Structures are given as C-alpha cells and as structure tokens.
Amino acid sequence: MKGTLSWKVAALGTAAVMAAACADSTAPLGDRELQVSVRVVNGPAAGSAATTVVVESATFVLGGLKLETAGLDNTIDWVFEQSVVIPLDLTGAPTLAFDTDVPPGIYKELEVSIDKLEIGNPAEQPLIDMWPMLADASVLVQGTVTRDRGSSEPFAFAAPLDVDLELLFDTPRAFTAEQNPVTVVSLTIDMSRWFAAMGDMLDPTDPANRSAIEGNIQASLEVYDDD
C-alpha cells in the first residue's frame, strides 16, 4: 500500500493545534512562507508465514520546528515549540503539516522534531487527556499480530522516540518582511520495514523486539526540501 499523508497546524495555541490534528485531510494547501508536509512512501509490509503484523493506525507526536541562523546577519535561531498529536492518514489523502510565517532573516537549516508528550507538563496535559496511550510516548502503532497462522490479536506499540530530523538547505534561505516564495519541506515515512527483520516479521508484543522496532521506525524518517 502506497499513500500520501500529512497534517495541518498553525502556531495559534493549544486549542487551534488540537483542532488542526483532526482537520479534513482534503483541506487546501496553505500560502504562508514555510510549509511542512508528511508523506508515507511505502505502507506496512504484509508479513510472513511465521508472523503477520497488520498496522491499522499510526500516530506521531510532532514536537516543533527550528530554523538555524546562517550567521550572515543579525538573524537569530527561530524555535517553534508546540507539541501536536498527528494520526497518520494511511489512505493517502494529502494535508499540510505546518503553514506558518517565520521571522525575517537568513537561515541555513531546518529541524523537525518528534518528541514525547511529558506527564506533568501542563501545556501537554490536554493532549495526554485526548491520547492517554501517548503519555511519555511519541509514537503509537496499533493493529493486529498473527503467529504461526493462528488467531490474530490486537496490539498497541508505544515508543518514546526523541528525534531531531535536520535539513541543511542547499543555499541559505532568506525570509524577508515582504512577500516570500513558499518554502515547502516534506517528511517522508517508509513503513515497510517497521516490523521486518531477517525475512520475518518482528512481533510487537515481544519485549525482546522493542529496540529493533524503535530503530526501524527512526530509520524510516527522512526530511527533504521540495523546492
């Protein structure tokens, strides 16, 4: 299964962010200076005779953005820290992750962070209330697992991944106070290897497989410049 997915968020506070996470995936593209989208480039693998893993949903926590100054003027780093819970759209309907303006300046690098929702953080408690299985986690995968052609059973795999995905622009990117061309960045996710190892599938309910699955998920993430 191949598809395209993404989400839309504006830097308008917790209430707007929570609403955007449930936005219509057919929403039109934005028109602000910086856009970040997410695409699934390969869906989950089908499995093997020994173990079959069917992914029915996958949810990520996006921890924010950072633009790093190129050091060519008085620009300072721009940081947007707002956690967002994103149910990935596995059907392939495209939406926008971020559609936001940034302070004028010259920047050399963009960082997109995936970070867990922290228990005890008042700013994140409303999201934990909505997504209790993501407490102290940044990734939640749910589906079914079947072993040795037996009966399938549901699973929920939550992981506290903390990843900063970096994109170094080919040339420093200048944003001014006037109207700017839109900068479009994509985060791609290859789900085909999340539960795959040595020609078989990793059982997500087996604690011995946790480290390998977390490593596979982290390795499946890549950010690149669409411009």
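**View 1. Arg210 and Glu214 sit four residues apart in helix α3 (residues 210-219), about one turn of the helix.** Helices here are DSSP runs of H or I with at least four residues, strands are runs of E with at least two, and both are numbered from the N terminus. This is a predicted model, where local features need pLDDT of at least 70, side-chain atom pairs count only at pLDDT 80 or more, and totals for chains, interfaces and linings use all residues. Residues are numbered from 1 along each chain as its sequence is written, and side-chain values use heavy atoms, leaving out hydrogens and water. Arg210 and Glu214 form a salt bridge, with their closest N and O atoms 3.1 Å apart. A salt bridge means a side-chain nitrogen of Lys or Arg within 4 Å of a carboxyl oxygen of Asp or Glu.

**View 2. Lys108 meets Glu68 in a salt bridge, with 3.5 Å between the closest N and O atoms.** This pair links distant parts of the chain, 40 residues apart: Lys108 is in strand β5 (residues 105-114) and Glu68 in strand β2 (residues 51-69). Lys108 is partly exposed at 34% relative accessibility, and Glu68 is partly exposed at 23%. Buried means under 20% relative accessible area, exposed over 50%, and partly exposed in between (1.4 Å probe, protein chains only).

**View 3. Arg173 and Asp225 join their side chains in a salt bridge of 2.7 Å, N to O.** Here strand β8 holds Arg173 and strand β12 (residues 221-225) holds Asp225, 52 residues apart. Arg173 is buried, at 17% relative accessible area, while Asp225 is partly exposed, at 22%.

**View 4. Arg147, Glu153 and Asp203 are linked in a network of salt bridges.**
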